[in-house]
Amino acid sequence: MNIIEAAFFLCFISSSNVHFAGATKQTAGNITPSENPFTPKASLIRYWNKRINGGSPPPSFFLSKASPLTTVDSTRFASLASRHALDTRLSDFCTAAKLFCFPELAAHSVTEKHGDDVGFSVYSDKNFTNYGSDRLAGADTFKNYSGGDNIGVDSFRRYSRDSAGHDDGFTNYAGEVNVADQSFTTYATGSTGGSGDFTNYHTNANQPNGRFNSYSDEANGRSQSFMTYSENANSGAQTFTSYSKNGNGAPNGFSGYGSGSNVVKSGFSGYGETANGANDTFTSYGGDGNLPVNDFKKYGEGGNGAVYGFKSYRDQSNIGADSFSSYAKDSHNEKVNFVNYGKSFNLGSDDFTGYGQGNDGGNVSFKTYGQGPSFKAYTKDGVVFARYFNNASSSGKKVNKWTEPGKFFRESMLKEGTLMQMPDIKDKMPKRTFLPRTIVSKLSFSSSKTGEVRRIFGAGENSSMAGIISSAISECERPPSYGETKRCVGSAEDMIDFATSVLGHGVVVRTTENVVGSKKKIVIGKVKGINGGDLTRAVSCHQSLYPYLLYYCHSVPKVRVYEADLLDPESSEKINHGIAICHIDTSAWSASHGAFVALGSGPGRIEVCHWIFENDMTWTTVD
């Protein structure tokens with residue numbers, strides 16, 4: 001213990017009314033005689049007992065989110081935070097505080113050259129630099145790479161550069177992973193022949209993020225294929241910058257890319273720019289997706305004799321948005337074909353700017369094209385539109401799989417004996433804990449200081465972590481909706497303060513007991529309306545993805561909160577105890593809200609109920 005820590009410890013003892021003998025009195029609050037009363041957990045219990053009326057101890061699910069830091073570590077890291085020096089001990093801080101941080105790849109570099117074919121199986125968190133450069137023929141395979149990891153972070157730099165006839169295969173890469181971050185920089189640049197195949201890449205991943213920079217630039221005759229890439233993925237983003245730029249005869253195929261994904265963004269910048277004889281196909285790209293967003297900038301610009309095909313692109317997706325800027329502009333003999341493009345069942349947004357402008361000798365065709373496009377400054381010659389649909393939802397399809405059964409329901413369903421579908425209530429976030437208030441109060445948290453936040457957590461500019469940080473801060477700084485009171489909290493004490501500021505000090509916090517019955521049919525057992533089932537005000541807190549445990553807490557008036565036993569339909573045995581909240585006033589909700597897609601009707605016309613998911617919680621006044 002250094003001088004600062006010792007001084008803090010002595011000062012704390014001399015100024016505090018808490019003493020070891022008193023620990024026995026706190027047993028109901030989960031401080032036992034054998035526990036150190038100066039830990040963040042013990043401090044939280046004291047704070048709860050001071051701020052919450054009624055004498056009930058904090059529930060175990062709430063207490064489990066307290067920081068696991070020791071007294072000494074808590075003091076040490078608070079001191080570093082006050083001196084803006086936490087980044088100097090980031091690895092220690094992340095480990096001790098159980099935070100969500102990306103691993104340091106510098107310590108896991110693979111830089112050696114291999115003369116033989118190499119197969120990587122059950123491999124993860126590696127930095128490949130200059131790997132496979134100048135290889136002649138042969139093949140390297142990555143199977144089950146980073147699969148099932150909580151955090152998969154991999155970097156490929158100058159991989160297969162200037163190789164000839166060298167094949168790379170990625171199979172089941174980063175599948176089922178929670179928060180994936182893969183970076184391919186100058187991959188296969190200047191290579192001749194060979195192929196790169198990505199199969200089942202980021203499948204079923206949560207928050208997948210992939211970056212391809214200068215991928216296959218100036219390559220000659222090298223083919224790339226992406227099959228079932230980001231399929232059924234949740235959120236995340238994929239960016240292709242300067243992909244196949246100046247390439248010669250390099251075919252690229254995207255099949256099943258982003259199919260069934262939820263809010264995945266794809267960005268193609270300078271893709272195929274000034275390429276010669278390129279042949280790219282996008283098949284079932286973004287199909288059945290929810291809010292897919294795709295951005296193509298300078299795609300195929302200045303190319304010669306290239307052929308691009310989009311088949312079943314964003315077909316049957318929910319809304320979605322595509323932007324094509326300077327696509328095939330100033331190209332020579334380029335052909336672009338859109339078949340079954342954008343037939344989303346809810347109105348999407350398409351923007352074509354400078355599309356095919358200056359194109360010499362090529363043609364663009366749209367067959368069975370969906371609704372709602374915007375064409376600005378596109379070529380007037382050589383563009384053919386066939387079977388254009390102004391309203392792609394005319395097929396009669398009203399909902400798709402993104403209105404998950406059971407996610408929203410009517411209040412009348414909360415009756416004993418009702419058989420209903422339970423949505424997926426499992427927590428998909430990385431495991432994290434709160435920070436002690438003594439630390440989190442010293443950390444920057446604002447859009448004006450994102451650079452400082454990125455520095456603290458080692459997030460490079462344009463990295464996945466930088467995006468995660470910016471997204472969370474942006475959502476927290478968003479103005480409240482009508483009638484909403486909101487606050488983002490990074491410590492348990494801050495959450496207590498917000499809840500009591502809205503509801504008073506006589507409060508109870510609840511969550512659904514477990515995840516049994518998730519995604520299955522359940523039967524409603526005994527139901528109890530909180531506060532007699534009357535209209536009340538509640539504070540609900542939902543997790544945000546961030547390095548430490550961060551909750552978006554908000555209060556809206558005119559809700560009813562229920563707790564209900566959930567029963568197994570076959571045995572009628574109790575398997576769970578659920579907490580549900582019903583929003584009675586939905587007049588300020590968007591007409592495109594998923595609840596109205598699932599239940600029909602519109603804002604202000606019906607009430608909407610949902611369950612409190614794992615690790616989310618709701619606060620109400622004591623009955």
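These legends describe close-up views of a predicted model.

**View 1. Tyr 546 and Tyr 548 form an aromatic pair.** A search of the whole structure finds 11 aromatic pairs. In this one, the ring centres lie 5.0 Å apart.

**View 2. Four residues form one aromatic cluster.** The members are Phe 445, Phe 457, Tyr 546 and Tyr 548.

**View 3. Trp 589 and Phe 596 form a tilted pair.** Their ring centres are 6.1 Å apart. The planes stand at 50°, so the pair counts as tilted; edge-to-face would need over 60 degrees, and stacked under 30. Phe 596 has 4% relative accessibility, so this residue counts as buried.

**View 4. Arg 76 lies over the face of Phe 77.** The distance to the ring centre is 4.5 Å.

**View 5. Helix α5 has buried residues along one face.** The helix covers residues 90-97. Leu 90, Phe 93, Cys 94 and Ala 97 are buried here. Seen down the axis of α5, the buried residues fall within an arc of 95°, so they line one face of the helix. What covers these residues includes three helices: α4 (71-82), α6 (437-440) and α7 (450-456).

Notes:
Residues are numbered from 1 along each chain as its sequence is written. This is a predicted model: local features need pLDDT of at least 70, side-chain atom pairs count only at pLDDT 80 or more; totals for chains, interfaces and linings use all residues. Side-chain values use heavy atoms; hydrogens and water are left out. Rings of Phe, Tyr and Trp (its six-membered ring) pair if their centres lie within 6.5 Å; planes under 30 degrees apart count as stacked, over 60 as edge-to-face and the rest as tilted. Buried means under 20% relative accessible area, exposed over 50%, partly exposed in between (1.4 Å probe, protein chains only). A charge sits over a ring if NZ of Lys or CZ of Arg is within 6 Å of the ring centre and within 35 degrees of the ring normal. Helices (H or I, at least four residues) and strands (E, at least two) are DSSP runs, numbered from the N terminus. The arc is that of the directions from the helix axis to the C-beta atoms. Contact means heavy atoms within 4.5 Å.
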